[in-house]
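Let's take a walk through this model together, one region at a time. Keep the structure open beside you as you read.

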Amino acid sequence: MNRIGNVNRRTLLGMCGAGLVVPYIIRPQPSWAASSVLNIMTYDKFLPQEFIDKFQKDTGIEVRIRLTDDQGKQYNLLTAEGANPSTDIVTVAGHRYSQFIGSKLVQPLDTGKLANWNNLNKAYQDAPWTRIDGNLWGLPILAGYEGLARNVDYVKDAPSWEVMFDPQYKGLTSYIISDFLQIVMLYQGNDGDFVSYADKPDAAQKATNQARDFLIKNKDMVRKYYDAGSEVQQMFINEDIYLAHSWSGPAAKLIMDGHPIQLSVPKEGTYGFCYTLNVVNNAPNTENAYKLFDAILANPEVGAAMTRQSGFSSTMNGVGDLLTERERLASTLPQEEIDRIIFFSTFNRDMKNEMIDRATAEVKAA
């Protein structure tokens with residue numbers, strides 16, 4: 001689960017993979033074999049082998065997995081192959097949707113072909129980030145999010161991000177400046193994802209400056225700014241801090257290791273990202289892709305196995321019932337907290353990155 005924890009914000013949102021290279025090249029199959037094959041490009045541990053084995057046995061479809069470790073590699077391969085792709089399914093992060101859709105590399109999702117669609121958690125069925133140009137584009141499978149992590153031995157309750165600025169925890173908090181600055185914007189009632197600021201640069205700058213100034217004013221609350229998840233994990237273990245803004249991965253690892261940490265989404269909300277399985281445009285085995293999607297949705301055991309293997313949270317209903325108590329604490333949230341997650345959008349990212357990066361540097365320098 002600490003894969004998320006050892007990368008920074010940009011790397012996290014651009015990769016979140018396992019670092020494995022492509023093991024072989026999948027070549028287009030002759031027409032007589034097309035109906036019994038399914039070619040998938042995904043990250044290591046996203047699709048459990050036991051599920052793949054059962055799917056192959058039940059359907060007679062041979063599943064061929066090509067591992068990837070980067071969104072850009074998938075994009076480049078599909079672009080190079082053009083109208084004759086060798087891949088049927090790719091794994092796209094929600095914040096990269098516009099790139100794949102704009103280049104016509106993936107096709108809209110037809111939920112009418114998925115008998116088990118309602119087994120997907122309602123928070124993901126028609127979320128704003130999943131719908132572009134009036135269409136849904138992929139099956140959400142795994143999610144990561146920013147949360148408020150706390151040592152429950154010292155902080156019993158934390159309903160609001162405001163607790164990060166409570167004087168009783170002075171010098172006992174930590175966060176990644178660039179990520180937490182967006183959370184502070186949300187806490188202050190502004191748009192930390194900059195979607196509503198596309199044609200309002202002045203409003204965007206005002207909101208960014210407001211959050212920046214607030215963090216500078218409250219610098220004495222912070223034990224240390226951190227960059228890697230391993231840093232915040234060690235500070236919690238040493239009890240150098242009691243509270244932190246954390247991505248779900250590092251906090252989940254602490255919980256699974258038995259430390260008294262709890263991760264929650266405060267009432268003001270938070271930001272997150274989601275991986276989806278997407279059918280490639282002109283895929284040679286589209287119907288087989290839908291059969292796989294429906295098989296994933298059919299049984300929450302699949303979602304539970306995905307969570308255990310990948311360290312991300314499942315998007316499927318019923319998964320929490322199949323996890324141990326510790327696994328639930330590490331990998332699931334109450335429905336009301338799931339509903340508070342705003343998933344990063346593909347829109348207006350250049351403005352967002354420029355303003356957040358500059359404000360981050362100004363907080364560090366203050």
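In this predicted model, the largest pocket has a volume of about 350 Å³. Its lining is made up of 14 residues, and those nearest the centre are E50, F51, K54, N299 and V302. Three helices, α2 (49-59), α10 (286-298) and α11 (300-310), each contribute at least two residues to that lining. Helix α2 gives the largest share, with six residues. Sorted by class, the pocket lining holds seven nonpolar, three polar and four charged residues.

Now turn to a pair of packed helices. Such a pair is described by the angle between the helix axes and the distance between them. Here, helix α6 (residues 177-187) packs against helix α7 (residues 201-217) at about 110 degrees, and their axes are 9 Å apart. An angle from 65 to 115 degrees counts as roughly perpendicular, so that is how α6 sits relative to α7. On the α6 side, the contact is made by F180, L181, V184, M185 and Y187, while α7 brings A207, T208, A211, R212, F214 and L215. Of the residues in this contact between α6 and α7, nine are nonpolar, one is polar and one is charged.

One more residue deserves a look: Y175, which belongs to strand β7 (residues 173-175). Is Y175 buried or exposed? Its relative accessible area is 2%, and the cut-off for buried is under 20%, so Y175 is buried. Leaving aside residues up to four places away in sequence, Y175 touches M164, F180, L215, V222, K224, Y225, Y226 and H245.

Methods:
Residues numbered from 1 in each chain as written. Predicted model: local features only at pLDDT ≥ 70, side-chain atom pairs only at ≥ 80, totals over all residues. Heavy atoms only, no water. 1 Å grid on protein atoms, 1.4 Å probe; cavity = no way out; pocket = protein on both sides within 12 Å on 5 of 7 lines; lining within 4 Å. Points joined across faces, edges and corners; volume = space filled by probe spheres on them. Helix = DSSP H or I, 4+ residues; strand = E, 2+ residues; numbered from the N terminus. Nonpolar A, V, L, I, M, F, W, Y, C, P; charged D, E, K, R; others polar. Axes fitted to C-alpha atoms, helices over the stretch in contact; angles between N-to-C directions. Parallel < 35°, antiparallel > 145°, perpendicular 65-115°, else oblique. Contact = heavy atoms within 4.5 Å. Buried < 20%, exposed > 50% of the residue type's maximum accessible area, 1.4 Å probe, protein only.
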